Amino acid sequence: MGIRSFKDKLFDSLNYTVITIFALVCLFPFLYVAAFSVTSYTEYLQHPLKLIPYKLEFGAYKQIFEMPVLWTGYRNTIIITVAGVALNIFLMLITAYPLSKPDLKGRNVILLMITFTMFFNGGLIPNFYLIRSLDLYNTLWSLILPGALGAYNLILMKSFIQNIPSSLEESAQIDGANEVTILARIIIPLSKPAIATFVIFHAVTQWNTFFNAIIYTSKRDLWPLMLIVRDLVVDGGGVARDVMDAANSGVTEFTIKMAIIIFSTLPILLIFPFMQKYFMKGMLIGSIKG
Amino acid sequence: MGKINPNRVGVLTSVVLLTTALAACSSNNNGEESGAGGNESKAPATTSASSASASQETKEPVKIKMFNRVNADVVIDGNPVIEEAGKLANVKLEVEAPPINNYVDKLQVVMASGDLPDLIYNWGTAGNGADANMEKWAQNGLLEPLDDKIANYPNLMNNITKEMWDAVKSVNDGKTYIIPRPNVVNHWGYVINQQWLDKLQLKAPTTLDEFTEVVRAFAKNDPDGNGKDDTYGLSLAGPDLGRNTIWNATNFLTSAFNLPVVDGVKDTDGNYKIREKMSGYLPYLTYLRQLNEEKLIDPEFLINKIYVDQEKLNQFKVGIIYGHQTAVLGNISKLPDSEKIFSYHAVLKNDQGVAYDWITPAMWGGWMIPKDSKKVDDILAFLDWGNTAEANALFQIGIQGLTYDSYDPSTKLITRTEEQANKLKTISSTYLTPANAINGDGASIVNGDTPERLAVYQAQLDEALKQMTAVNVPAVRSPKILNLNSSIPDLVKKKDEKEIAYITGAIDEAKFKEFLEKEWYPATADAEKEYVDFMNSLGK
Amino acid sequence: MAKNLRSALRYVDKKKYLYIMLIPGVLYFLIFNYVPMYGVLIAFKDFNFNKGILGSAWIGFENFRYMFGLSDFYTVFWNSLILSFLKLLFGFPFPILLAIFLNEMRSRTYQRFTQTLIYLPHFISWVIIGGILVNFLSPTWGVLNIFLGQLGIDPIFFLADESYFRPIVVLSSIWKDSGWESIIYLAAIASVNTELYEAASMDGAGRLRRIWHITLPGIKSTIIVLLILRLGHIMNNGFEQIFVLQNQMNLGVSEVFETYAYRVGILGGRFSFGTTVGLFTSVIGLIFLLASNRIAKWMKEDGIW
């Protein structure tokens, strides 16, 4: 007993140390962005890796709050995130459940057809024609529907459902429940960790959507937040060193860039703590027995 | 799951995003300078106001749908500057503006959609808009040839020089499908840390020997006085794909070797040839090799990405970077009091004591009109108005009362409150201008909002122009030399690698020459011949 | 024949709810993925803006011939493959271990707290991360080299040295995304039946044995499915990451298909080249996916179908 508890303690202390170090390393880039969003650029130049500002400066945030585009962007992003996630989870559940039945006839053909879409895509122009002919051009639907169901996550969801012991389902079948009832009463409650995962995945995907908005909308008041952020922020990796660059207001100051990143990612970061309880071991006991 | 599941669209996105980036960079070096020449560019802008629009005032305003590349800060709906422009030009102006970073993606889709706007901006990889995309669209019959029409528009003919018109003619059929957007003539030189110079009691170098001396002092004599050996003389930067930093706006240094960074200039023996055969090519690389060996140049000078050089200058890590006349004032928005720390100077003199200011036609993309457009004349009239000082001032400085209090066109002095300055950002920018310069000059100077700053700017520009001899370089419209990147991409890459290997000392001169002679010259012989023939035909 | 049809109909009737449930999903893929799929034809055509994709002239395998004819094609091919393989070898197990060890933490509060921290870098773009790394690794001013200097080691020019490029890419992608990728494994672990753990601790099994005999088998099928999907993307290296870390001095190892398509396709004005490269890498990916799925089946594991 004594030996085990020593090994246990050793395990724990190693585990805590390693994870803590890794977590701190992971905190660094975020802290970096956050710190320099409240530090003056001059100070950044002198100490480019110093994470504690001498003097807090919220000027950048003040400027951001006055940018009208960012607020319409926020509204659009929240709409496409909420609607997109709801649609995605619904479609994924009703599609993944039948596909999780290994003996369902035609299942393999459908799975192959779905897998195929991970590799071959028509590209910009045919997709644009499609959106226009479905009358989705210049609507927020054009940012919700394409991508509402993706092969990758669907296959993962299917494999999660397939892992649920079939004995649970069978007992319900004997009671005469049909598949719709089984999905609602047994599969969904048992899939909470998986559903929570895909809520996070799809919410983040939708939150970060920007490319579809370029192609499928022509009005700036339909732009999602990330499209605006990209246009304001991404110039080191990419943009406009136009001929007149110094004169362009398009080139945003370093501090403002950092502030915009914080301003645009903070809300989506908050989704994770809310979903966390579904990842806790043991939370499933109740639903299995109930 | 964004990370592991990169859908095709995503990949394409980033690819084209980067295109834009690179295009921007290349235009920075190729398309920046103008044929207007240094001194002429200071002539006051023409006020031969909108003759075309005057005759139309009785007419019902025509609707013009403009497809333009505009930064995200500008609000398009209910924009007072756009409304004012419509009033002045007697049109009903509608602007559709995809984000600047992905403008090319959307433009490609729009061009394929069969439903074209009335007026389309193209910037492209050439910097003057007449890029491979334009050629393709023209060839596919999407664009209206404009040669017969443009002569009727006096402001277009005045403000757009013959060199600019020549530079955008299609290489396939010689027709004009795009109206250049004239830009400010930039005189590339260098920006130097003046405080370091003063501290070390040196003056801004004008010859290569002086330059070497200053660079050595900056690197070795502790110019920032922190007691540490942590400074370098100079740094370079550039786009990281497709071209070495040493060719990115390095006029200030290559001029000392008679080596133009742009095509279209004769070598010292009076003949046209590709850059790698020019007399200054190897000496320039050898000089860089020495700077690197002596640790006088930022060790990262070959890999710095765009803007990194500027950041290092502002961090007082390096003392010299490339820059043009507005670079010092432009830097104020990054580092306050820039104009008191740094100064701008002309390129270095060559062995004959001449400092050449190679000036290519100054354009910032151009405007295209769809084939068989019913509104061609109205659109051209609008662009004609766009090439007046009135239009240029409206888009660059905004509306009196709303975005500034007073403006003096002769000195370019503007007075405005902070609130007005912020307002301007949300309603206009240089991206909106149909012409960004009138006779090579813009309505205002970046951050030139006090008489003191304007005086600093003017004095440095005058000094530089006095020192330099302007050479107007025609745009090279010889397809093969422009298309080496697609005809021999592997060899172009290899050449870039060899240049770097030589500069860093990984290979010696003999090895480098062997590569040039055995591989590079033979592979480019064809393109070179076409280029030389093209250049020689220009004189006739 | 009629009998077959009747028995088929009877089967469908018996499973009608399942088939009805499949309808929206299948329709979705048909409309949003299969209708526009004719776009891949661009790789075999000389695209004409006026005639559209279907009306443009065929050029057969011209684009492919050009691609295979480039002298550095094979270098790029190997670079892409080696980098992917290294990322797979080191990057793939990391999130699994992370999830397992997070799960072993006793303090629930601390577990939640560290979980939240490790997924933060996922939200910072490569452009920013790249900027931080470049500063950090700089030979003169970088913190790492200053530290090495204090140990008496000469400065190392990490980003210009080809031998450091791959380790930097692998480590930085672990840093940025393994926390994020561990989420799915955490979900899988949460689905493992807790009674098994209770039974194991009754038997006196140690922590490592419990991990080995209960946790790992419990999430095995998730690991396999993710591995197969990942193998399907073996030719994709992540454009943004490579782009921010690539420079003219490490090009010999850093040029991969995504950056190559950009250089040749867009810089060089060969528009359909990007589609060609995309098609080529997709076909390779599909082959890898089908083969690995077959192997999984052969080993009596659940594949992706």
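**Salt bridges, chain contact and helix packing**

Between chain A and chain C, five salt bridges are counted, a salt bridge being a side-chain nitrogen of Lys or Arg within 4 Å of a carboxyl oxygen of Asp or Glu. The model is predicted, with local features needing pLDDT of at least 70, side-chain atom pairs counting only at pLDDT 80 or more, and totals for chains, interfaces and linings using all residues. Residues are numbered from 1 along each chain as its sequence is written, chains are lettered from A in the order in which they are written, and side-chain values use heavy atoms, without hydrogens and water.

C:Arg207 and A:Asp8 form a salt bridge through their side chains, at 3.3 Å from N to O. Chain A contributes 102 residues to the contact and chain C 94 residues, where contact means heavy atoms within 4.5 Å. About 8900 Å² is buried between chain A and chain C, 74% of it from carbon and sulfur atoms; buried area is the accessible area (1.4 Å probe) that two parts lose on being put together, summed over both.

Over all chains, the whole structure holds 42 salt bridges. In chain B, the side chains of B:Lys63 and B:Glu94 are joined by a salt bridge of 3.9 Å, N to O.

Within chain A, helix H10 (residues 192-207) packs against helix H13 (residues 254-269) at an angle of about 160°, their axes being 10 Å apart. Axes are lines fitted to C-alpha atoms, for helices over the stretch in contact, and angles run from 0 to 180 degrees between N-to-C directions. Helices are DSSP runs (H or I, at least four residues), numbered from the N terminus. The contact involves A:Ala203, A:Val204 and A:Trp207 of H10(A) with A:Ser264, A:Pro267 and A:Ile268 of H13(A).

Methods: Helix = DSSP H or I, 4+ residues; strand = E, 2+ residues; numbered from the N terminus.
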